[in-house]
Structures are given as C-alpha cells and as structure tokens.
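Hi there,

Here is the structure I promised to pass on. Have a look at it first, and then read my notes below.

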Amino acid sequence: MPDLMIYEDKIRAYKNRIEADLLVLLEEAIKRDGEVAQLASSMVLAGGKRTRCIVTWIAYELAGGTDIDGVIPLALAFELIHTATLIHDDIHDSAKYRRGIQTLHEKYGLAKAIIAGDWLFVQGFELGGGYGKDVVEIVARCCSDIASAELKQLTHISDLSTTPQDYEEVVKGKTAGPFSAGCRVAGILAGCSPEQVEALTNFGMQLGISFQLADDILDLLGDTRMGKPRGADVMDGKMTLPLIHGLTMLHGDARQRLSEVIDGFNDSLWDELIDLLNQAGSIEYSKALVRTHMERGLEELSNFADCEAKQLLIDLATELIDRNL
C-alpha cells in the first residue's frame with residue numbers, strides 16, 4: 001500500500017488540473033453549442049475519479065513526454081468518450097441516478113439523453129483528431145471497439161451460457177480498451193521506443209481488466225461510492241465474471257438454483273446469491289484474477305527506468321486493488 005497522504009496529494013494535483021481544463025473546455029462548448037453542451041456538461045462535471053485522464057497523463061510522463069499542455073486535450077478526449085458511454089449505458093439500464101444526480105434520460109427524456117451522449121462522442125473524437133494520423137486511428141478504433149463491445153454485451157443479457165471468453169471480449173472493448181488506447185497514444189506522443197509503446201499498451205489493457213473485475217465484485221459486495229445499489233448488474237441481466245464462474249463451477253441442484261436466482265433476481269434473494277457464489281468460490285476467484293491481471297500490467301513497467309511517474313502508476317494500481325478489494 002503506498003503512503004496514502006503523499007499519493008493522494010500527487011493524484012489530487014493531476015485531477016485539479018484536469019478539472020480546470022475540463023471546465024474551460026465545456027464552458028466554451030456551451031457558449032458555442034447551447035443546450036446539448038449544457039446537458040452533456042452536467043454529467044461530465046457531476047464527478048468521477050478522472051482515472052483514464054490521470055493514467056494517460058502519467059503514462060506520457062513515464063514515456064519521457066514533457067509537453068503537458070499538449071497531452072492534456074488527449075486525456076480529456078478519453079474522459080468525454082467515457083462519459084458518453086455512461087449516458088448510453090444508463091439509458092439501457094434504465095438507471096435513475098449517476099454520480100449522485102438524476103440521469104439525463106430521467107430528467108430530460110430519452111431523445112435528449114441520446115443526443116447528449118452522441119455530442120460527447122463527437123467532442124472526444126474532435127480532441128483526438130488534433131493529433132497525428134496514427135493517434136486519430138487509435139482513438140477511432142477505440143470508439144469502434146466500445147460500440148462492438150456494447151452490442152456484444154447486449155446480446156448476452158441474461159444469457160446463462162455466456163462464457164469467460166465472451167466476458168473478456170466485452171471488458172477489453174468497453175473498459176480496458178480506452179485505458180490501453182490512452183496509454184498507447186501517450187507513448188507515441190512522448191516519442192518512446194516501439195517496445196515501450198507496446199509495454200504501455202499492455203499495461204493499460206491489464207489495468208483496465210483489473211479495474212472492471214474489481215467493479216463487478218463491488219457490485220456484489222456493495223459500495224456506496226459506486227453511486228448505484230448493490231446487485232445492480234445482476235438486476236440488469238449483466239453476466240459478470242463471478243456469475244459466469246459460479247454457473248461453471250456449480251453442478252446439479254446448486255447450479256439450477258443459481259440459474260433461478262440470477263433469472264429472477266431481486267433484493268430478497270441477495271443472501272442466497274452470495275452464499276451460492278461463495279460455495280462456488282467465485283468471488284475469491286475473481287479477486288485473485290484482479291491481482292493476476294494487475295501483476296501482469298505492472299510487469300510491463302519493467303521496460304522503463306525507475307522514476308516518479310513509474311512509481312505513481314505502481315501506487316495507483318496498488319491503491320485501486322487495496323481500496324476496492
């Protein structure tokens with residue numbers, strides 16, 4: 001566990017700069033685009049850890065980059081794209097709240113929420129478009145992969161035959177892909193070696209997988225910081241890894257009962273669901289996998305000399321695991 005006071009001070013400095021630049025960017029957009037920018041901005045500015053922005057920025061510094069003003073717009077691009085996916089996710093999930101405020105579709109209606117999400121995608125891509133062709137292609141591929149993963153996830157809603165491979169494909173496209181893309185373009189912009197660019201790409205992918213796995217576990221264990229009730233993913237029919245693992249490991253009556261609980265899940269079945277998953281060892285298995293993917297990611301950082309940015313990425317990854325699990 002890193003020294004939390006030192007770590008939090010450093011991360012706060014990154015986040016404060018990102019928040020300030022986001023505010024300027026969105027205020028200018030509201031003056032230019034009016035209501036659609038106002039709606040979208042309300043969700044962007046409602047909160048969030050800005051983890052994708054911070055990881056992109058630190059990865060750029062690790063790779064030797066020094067033009068901070070030049071890389072921040074790219075970091076903001078991934079934040080806008082991420083928020084766009086949240087708006088669209090909330091529509092599909094019929095979520096009423098996000099980050100402590102009413103979701104856009106709840107407050108303003110479905111049509112306006114869809115348009116606001118689309119607007120954020122465009123703004124994110126526009127920011128990414130200010131860089132070279134190779135960076136533009138990475139950002140475009142990232143957005144395409146998000147859409148493909150979203151569609152794949154929809155096809156597996158309440159599908160008890162969903163495999164770990166199906167789950168991994170969704171996570172890589174939807175959550176881990178943006179982390180990986182952010183780290184990759186950071187390395188390219190910093191001008192590091194091709195081997196180091198690949199190392200950063202792999203680090204981002206493993207970090208993103210760990211991040212999503214931890215989020216799935218928290219959905220089951222409950223955490224008010226998530227801004228949604230425990231078991232929300234189960235109620236929405238999302239086949240997360242603990243559920244998939246439980247269905248794989250249990251047999252006979254126990255597997256049949258887990259299938260029934262997942263199919264008809266409500267809060268009264270909460271304790272039974274957790275008991276069945278513990279019987280299968282699914283939560284502990286998922287926790288172990290979080291650490292495995294994180295260790296793989298941290299191994300990639302051995303391609304870089306020791307420095308403050310490297311240690312900060314290690315601390316960030318470690319703190320995420322220790323805090324959430």
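Helices (H or I, at least four residues) and strands (E, at least two) are DSSP runs, numbered from the N terminus.

Before going further, some housekeeping: this is a predicted model, in which local features need pLDDT of at least 70 and side-chain atom pairs count only at pLDDT 80 or more, while totals for chains, interfaces and linings use all residues. Residues are numbered from 1 along each chain as its sequence is written, and side-chain values use heavy atoms, with hydrogens and water left out.

Back to helix 14. Its buried residues are Ser-282, Ile-283, Ser-286, Lys-287, Val-290, His-293, Met-294 and Gly-297. They sit on the same side of helix 14, because they cover an arc of only 145° around the axis; the arc is that of the directions from the helix axis to the C-beta atoms. Glu-284 and Glu-299 are exposed on the other side of helix 14. Here buried means under 20% relative accessible area, exposed over 50%, and partly exposed in between (1.4 Å probe, protein chains only). As a reminder, an α-helix has 3.6 residues a turn, so residues three or four places apart point the same way.

Helix 9 (residues 194-221) is another one to look at. Its 28 residues should span 40 Å at 1.5 Å a residue, and its end C-alpha atoms are 41 Å apart, in agreement. Since 20 of those 28 residues are buried, helix 9 is largely enclosed by the rest of the structure. Gly-222, with a positive phi near 90°, follows helix 9.

The whole structure holds 3 aromatic pairs. Rings of Phe, Tyr and Trp (its six-membered ring) pair if their centres lie within 6.5 Å; planes under 30 degrees apart count as stacked, over 60 as edge-to-face and the rest as tilted. One of the pairs is Phe-179 with Phe-211: the ring centres are 5.4 Å apart and the planes at 55°, so this pair is tilted. Phe-179 lies in helix 8 (residues 164-190) and Phe-211 in helix 9, so the pair ties together parts that are 32 residues apart in sequence. Phe-179 is buried, at 2% relative accessible area.

On packing, a nonpolar core is a set of buried Ala, Val, Leu, Ile, Met, Phe, Trp, Tyr and Cys residues joined through side-chain atoms within 4.5 Å. The largest one has 86 residues, of which Ile-58, Leu-120, Leu-207, Leu-258 and Leu-273 touch the most other members. Apart from it lies another core, of 12 residues, including Ile-81 and Cys-143.

How many disulfides does a search of the whole structure find? The count is 0, a disulfide being a pair of cysteine sulfur atoms within 2.5 Å. The sulfur of Cys-143 is 5.5 Å from the closest cysteine sulfur, in Cys-142, which is too far for a bond.

Arg-50 is not a glycine, yet its phi is positive at about 60°; Arg-50 is found in the loop between helix 2 (35-44) and helix 3 (51-62) and is buried at 1% relative accessibility. Ser-94 also has a positive phi, near 55°, but Ser-94 is exposed at 52% relative accessibility.

Best wishes

Methods. Expected span 1.5 Å × (residues − 1).
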